[in-house]
Structures are given as C-alpha cells and as structure tokens.
Amino acid sequence: MQITTSSQAFVDQLAARNFEHLADTLAPDAVARLSLPRGVQEAAGADAIARRFEGWFGGASQFTVLSTANQPVGERRLLQWRFRLSRDGRSTEVIEQVAFADVGPDGIYRLDLLCSGFLPDAELSEETAQACDVPMDRAARH
C-alpha cells in the first residue's frame with residue numbers, strides 16, 4: 001500500500017506545484033537520474049530533487065495539468081505527467097516527463113526520469129490557426 005501512496009502523492013504534489021510537500025514524498029537520501037534534452041544529470045537528496053522540479057515549473061505564470069498517470073511495472077512505478085505552461089508570460093509550451101520510481105518505507109528512493117523538454121505548444125498553434133481560418137500548412141510556415 002505504501003508504494004501506491006508515495007508515488008501518487010509525488011504526482012499529486014508535482015501537479016499542484018507544492019514543492020515542499022513534493023520533497024516529503026521522497027526518501028531523504030533519494031537519487032534522481034534525469035535524462036534531459038541537454039544530457040543526463042543526477043540529483044541527490046529529497047530537497048535537491050524537489051528544487052529541480054521547482055526550477056522547471058515553479059515560476060510558470062500559466063500552468064495547466066494535461067494528464068498524469070501512475071501505474072505498476074513489476075515492483076517499480078511508472079509515473080507520467082504532461083503540463084502546458086508559460087514561463088515567459090507570452091509563449092505557451094508543453095512538456096512531458098516519464099519516470100520510473102522505486103519506493104521504500106521512507107518514500108521514493110530512486111527516480112529515473114526522461115524529459116521531452118519544453119516544446120512550443122502545437123495544439124494551441126493549431127487551434128489559433130483554425131480560429132483565424134488559416135490553413136495549418138500556411139500557419140506552420142509563418
């Protein structure tokens with residue numbers, strides 16, 4: 001029962017951007033391996049890992065949770081989230097992250113994460129083009 005509780009709490013706190021409580025879902029000596037577009041990085045310790053997520057999502061002026069998931073894969077947990085956000089107050093981006101988590105009695109102690117990077121929100125671009133009656137092939141060229 002602890003496995004589901006800790007992993008779901010992690011997803012819930014991340015989606016709420018409650019980074020103090022996000023740290024509480026991690027074991028104090030947790031390790032995160034982060035496969036990012038700019039390369040693989042590691043973070044160690046619950047607070048340091050939570051601060052990484054806060055750096056990515058904490059300053060967003062607009063933030064929408066598009067989807068989340070938490071499911072078992074053997075003894076690990078597969079966690080997924082997709083967010084739409086604006087970090088500069090003007091452009092809108094999407095980001096999806098997928099992580100495998102190992103959970104123990106003190107919370108998540110290992111997190112292996114793959115990140116899409118912050119990408120222009122094609123869905124909003126398509127909606128804007130349709131609202132303006134601009135064919136998508138023309139809108140994509142501008």
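**The aromatic cluster and its surroundings**

Modeller: The charged end of Arg87 sits over the ring of Phe118, at 3.7 Å from the ring centre; a charge is said to sit over a ring if NZ of Lys or CZ of Arg is within 6 Å of the ring centre and within 35 degrees of the ring normal. Before going further, please note that this is a predicted model, in which local features need pLDDT of at least 70 and side-chain atom pairs count only at pLDDT 80 or more, while totals for chains, interfaces and linings use all residues. Residues are numbered from 1 along each chain as its sequence is written, and side-chain values use heavy atoms, with hydrogens and water left out.

Phe118 belongs to one aromatic cluster, together with Phe10, Phe53, Trp56, Phe57, Phe63, Trp81 and Phe83. A pair of aromatic rings is described by the distance of the centres and the angle of the planes. Rings of Phe, Tyr and Trp (for Trp the six-membered ring) pair if their centres lie within 6.5 Å, and planes under 30 degrees apart count as stacked, over 60 as edge-to-face and the rest as tilted. By this rule there are nine aromatic pairs. In one of them, Phe57 and Phe83, the centres are 5.1 Å apart and the planes stand at 90°, so the pair is edge-to-face. Because Phe57 lies in helix α3 and Phe83 in strand β4, this pair ties together parts that are 26 residues apart in sequence; helices (H or I, at least four residues) and strands (E, at least two) are DSSP runs, numbered from the N terminus. Phe83 also pairs with Phe63, and here the geometry is tilted, with 4.7 Å from centre to centre and 50° between the planes. Since Phe63 lies in strand β3 and Phe83 in strand β4, the parts tied together are 20 residues apart in sequence. Phe63 and Phe83 are both buried, as is Phe57, where buried means under 20% relative accessible area, exposed over 50% and partly exposed in between (1.4 Å probe, protein chains only).

Leu14 touches Phe19, Leu22, Phe53, Phe57, Phe63, Trp81 and Phe83, not counting residues up to four places away in sequence; contact means heavy atoms within 4.5 Å.

Leu111, in turn, is the bridge partner in β6 of Ala32. β1 and strand β6 (residues 107-115) pair in the parallel sense over six bridges, and two strands pair if DSSP finds at least two bridges between them. On β6 there is also strand β5 (residues 93-104), which runs antiparallel to β6 and is joined to it by eight bridges, with Val98 opposite Leu114. Two residues separate β5 and β6, which form a hairpin.

Thr25 counts as buried because its relative accessibility is 8%.
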